[in-house]
Amino acid sequence: VVNRGLLLAVSVMVVLLFVLSYITSQLPGINEIVIPLLSLPSEVDVGAIVSDTVARQRNALFDVAGVFTLVFSAIATARSLRHGLRQVAHSTTISRPGWHDPANLAVALGAITLLLVTWLLTLATIVRTRAINTMLGADVPRFAIDVAKLGAVVLGIGIVAGVVAAMWRGSLPNCSRRDRLASSLAVGVVVTAANFALLDAYIAALIDPSASGGLVLVFMTMAWVNAVVRLLFLTECWLVVGGTKASRNAT
């Protein structure tokens, strides 16, 4: 899952880079992102740095190879994820789902959507108030924007927790509802925190002339995928062990 998910995450991150380019183009010459730019001089044009990165990586997603990588990695990730979750849930070796299983495509589309939506919500929370007002074309009070940003964080946690809870409900029906909800919420909180760390590190690499943005993108995304996937499977293992003990005690 990690090996296949890395290609998928990098492809989706390139899409996020295009969104970041649009945001920074709204206020040329002004730091539009809150972190990690607090110590940067105001004359540093973050938008120009991002636009230059987009120009160099434009073909990474929109050429034939890029589209093929996105589609193949999404389906391969979905297939491996389904196989791994089922194998842990049944505590035995089972056959892999077929490549032509329609469920692979549904899970792949869901994974792409989940990545993009949660990363965009994280990005929305680190955009400066003046950049948001410029994009909205209105003078929104700072308090209202801060509340909206907090809501974006809560929404991101809720989306991840909801998806994970639905997974546990389908694959681990014997586990208690309380354990499923508690573990899902914990996964949502940790994944959201990991999203902030990922974007913070990547933006820091973009503005650092001594760093390679492309390499940092790959390595940070690799770390993110490793952490998230292992967290997901460790949580499932915890639920399976807890459910098995509960069954034995009941017997």
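Student: What should I know about the model before reading it?

Tutor: This is a predicted model, in which local features need pLDDT of at least 70 and side-chain atom pairs count only at pLDDT 80 or more, while totals for chains, interfaces and linings use all residues. Residues are numbered from 1 along each chain as its sequence is written, and side-chain values use heavy atoms, with hydrogens and water left out.

Student: How many helices and strands does the protein chain have?

Tutor: Helices (H or I, at least four residues) and strands (E, at least two) are DSSP runs, numbered from the N terminus. The protein chain here has 9 helices and 0 strands. Of its 251 residues, 40% are buried, where buried means under 20% relative accessible area, exposed over 50%, and partly exposed in between (1.4 Å probe, protein chains only).

Student: What is the volume of the largest pocket?

Tutor: On a 1 Å grid over the protein atoms alone, a cavity is a set of points where a 1.4 Å probe fits but cannot get out, and a pocket is an open set with protein on both sides within 12 Å along at least five of seven lines; lining residues have an atom within 4 Å of a point. Grid points are joined across faces, edges and corners, and a volume is the space filled by probe spheres set on the points. In this model the largest pocket has a volume of about 760 Å³.

Student: Which residues lie nearest the centre of the largest pocket?

Tutor: Among the 29 residues that line the largest pocket, Leu81, Ala111, Leu114, Met167 and Leu232 lie nearest its centre. The largest share of this lining, 7 residues, comes from α7. By class, the lining has 21 nonpolar, 6 polar and 2 charged residues; here Ala, Val, Leu, Ile, Met, Phe, Trp, Tyr, Cys and Pro count as nonpolar, Asp, Glu, Lys and Arg as charged, and the others, Gly among them, as polar.

Student: How many cavities of 30 Å³ or more does a search of the whole structure find?

Tutor: The search finds 2 cavities of that size. The largest cavity holds about 60 Å³ of space, and its lining includes Thr118, Thr122, Val153 and Asn195. To this lining α7 gives the most, with 4 residues, and the lining divides into 5 nonpolar, 6 polar and no charged residues. The second largest cavity holds about 50 Å³. Among the residues that line the second largest cavity are Met13, Leu123 and Tyr202, and its lining has 8 nonpolar, no polar and no charged residues.

Student: Is Thr122 buried or exposed?

Tutor: Thr122 has 4% relative accessibility and therefore counts as buried. Thr122 belongs to helix α5 (residues 102-124). Contact means heavy atoms within 4.5 Å; leaving aside neighbours within four places in sequence, Thr122 is in contact with Asn195, Phe196 and Leu199.

Student: At what angle do α6 and α7 pack?

Tutor: Axes are lines fitted to C-alpha atoms, for helices over the stretch in contact, and angles run from 0 to 180 degrees between N-to-C directions. Helix α6 (residues 129-136) packs against α7 at about 95 degrees, with the axes 11 Å apart. That makes α6 roughly perpendicular to α7, since angles under 35 degrees count as roughly parallel, over 145 as roughly antiparallel, 65 to 115 as roughly perpendicular and the rest as oblique. Thr129, Ile132 and Asn133 in α6 meet Arg142, Ile145 and Lys149 in α7.
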